Amino acid sequence: MSFSTHTSIIEHFSSIPDPRLNRRKRHKLGDIFFITLCAAICGANDWVAVEMFGKSRKDWFTELLDLENGIPSHDTFGNVFAVIDTQLFSECFSHWVASLVELSDKNIIAIDGKCLRRSMDKASNKSALYMVSAWATENQLVLAQQKVDEKSNEITAIPKLLLQLDISGAVVTMDAMGCQKKVAQQIITQKGDYMLSLKGNQGNLHEDVTLFFESEQTMPEVGHESYDVGHGRTEVRTVRASSKIDWLKERNPHWIGLKSIVAVTAKRECNNKCSEETRYFISSLDATNPQYLGHVVRSHWGIENNLHWVLDYAFQEDDQRTRMGNSAANMSIIRHIALNLLKSDKTAKVGVKNKRLKAGWDNNYLMSVLLSLNKKRP
C-alpha cells in the first residue's frame, strides 16, 4: 500500500533539499517528515514522544512507507529538523495551503505574531522564537507563517509573509505593529485592502485621527451599534467611520490607498463595573458600510482565539523546549500543518485537543484527518 495513494502532502514538501550527508541518510527525509506530522496530530509534542509514537505504530508506518531501517531515533528527528531550511519549509507550507483552499471573495486575513516562550536558550544567548502567522478568519486555517529574525521584530517579517500570500481581493488586518507605510503600500500593490490598528507608534497620524473623532464639529454620527450579552457581561460596540479625509491624506501623503478612518468604541458592564475603550484604525476600504468595517475589526481577534490560544491549549506550544538550530521554528510549522488538518476534519464533533486524542487511538480517523484537505474547500 503506497503512501502516494493516500495523500499528496509529502509531494508539496519534496522540494526542500535534504541537508544531511549521504553516508548518514539511513531514513528518507519524506518518511521523517510524515512520521513527525502524524505524531504531532496524535498528541506528540517533543522528539522523544515522536519516536515513541512511531514505534507504537511501526507496522502501520511500514505498510505505508516501506521503511527499510525502522523508526528513526528521537535524536535523528531533532537533528534533521534542526538543519532544515525554515524559509523553504514556510514557503512550501503556503504553497500547499494555496493549492488546496479556495479563499472566498473579500476574505479577511489576520496577521499577528506569537512568541514561543520556552524556545529561549540563555546558555547559547538565543532569544525566544517569534513567528508571524497569516490566518484566514472565514476558512479557519493558517495560510502562511514567517520566522522573525533574531535581533529584529515583526516589522521586518510582515513583508516577507505577505509575499507568500495571494491577497488579491482580500482584506488584511494587523495590530499597531503592522501599521507601517511600506506595509500598506505592499498590500495595495498585491491588490488587497487593509485595516490597520492605529496607536502611538504613528504619532501625528494617531493624534489627528483621535482629535477628529473626539471633536464635536467633525465627529461622525454613529454608523453602527451591536450588542453582546453573555457570561454576566454586556457589551455595546459602536462603529464610526468617515471617508471625508482629504485633509488627513494631504498631511500624510505617503499612506498609499488610504480611504477611511474608523473608531470602534466598546462599552462593557460586568459585575456592576463599567469600562469604555475606543480604538482607531486606518483603512483602504470606504466608509459606506460601517457594519462591515466593524466586522472586519472584530474578525482580527480570531487569530488570537482560534489560532494562538488553540496552539497553547491543545498543542501546549508555550511549554515546548525545542531549541536546537531551526528545530523550534520547523516544529512550529509542523504544528500549523497539523492544526489545519485537524480543523478541516468535520467527522468528529469535538475540539482540536480531543481530535488529537482520537487520532492517536484510531488509525482510520488519523487517515481521515490526513486526507481532510485533499480537495479544495471554500
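Visitor: How many disulfides does a search of the whole structure find?
Guide: This is a predicted model, where local features need pLDDT of at least 70 and side-chain atom pairs count only at pLDDT 80 or more, while totals for chains, interfaces and linings use all residues. Residues are numbered from 1 along each chain as its sequence is written, and side-chain values use heavy atoms, leaving out hydrogens and water. A disulfide here is a pair of cysteine sulfur atoms within 2.5 Å. The number of disulfides found in the whole structure is zero.

Visitor: How far is the sulfur of cysteine 92 from the closest cysteine sulfur?
Guide: The closest cysteine sulfur belongs to cysteine 38. The gap is too far for a bond, because it spans 18 Å.

Visitor: Which cysteine has the sulfur nearest to that of cysteine 274?
Guide: Cysteine 274 is in no disulfide either. Its nearest cysteine sulfur is 10.0 Å away, in cysteine 270.

Visitor: Is cysteine 274 buried or exposed?
Guide: Buried means under 20% relative accessible area, exposed over 50%, and partly exposed in between, using a 1.4 Å probe and protein chains only. Cysteine 92 has 6% relative accessibility, so it counts as buried. Cysteine 274 has 64%, so it counts as exposed.

Visitor: How many residues of helix H2 are buried?
Guide: Helices (DSSP runs of H or I, at least four residues) and strands (runs of E, at least two) are numbered from the N terminus. H2 covers residues 29–41, and its buried residues include Phe33, Phe34 and Cys38. Of its 13 residues, the number buried is twelve.

Visitor: What distance does H2 reach from its first C-alpha to its last?
Guide: The expected span of a helix is 1.5 Å times one less than its number of residues. For H2 that expectation is 18 Å, and the model comes close to it. Just after H2, glycine 43 takes a positive phi of about 115°. The reach of H2 itself is 18 Å.

Visitor: Why is strand E1 largely enclosed by the rest of the structure?
Guide: E1 runs over residues 108–116. It is largely enclosed because, of its nine residues, the number buried is eight.

Visitor: Which residue in E2 stands opposite glycine 113?
Guide: Two strands pair if DSSP finds at least two bridges between them. E1 pairs with E4 (residues 171–174) in the parallel sense over four bridges, with isoleucine 111 opposite methionine 174. E1 also pairs with E2 (residues 129–136) in the antiparallel sense over eight bridges. There, glycine 113 stands opposite valine 132.
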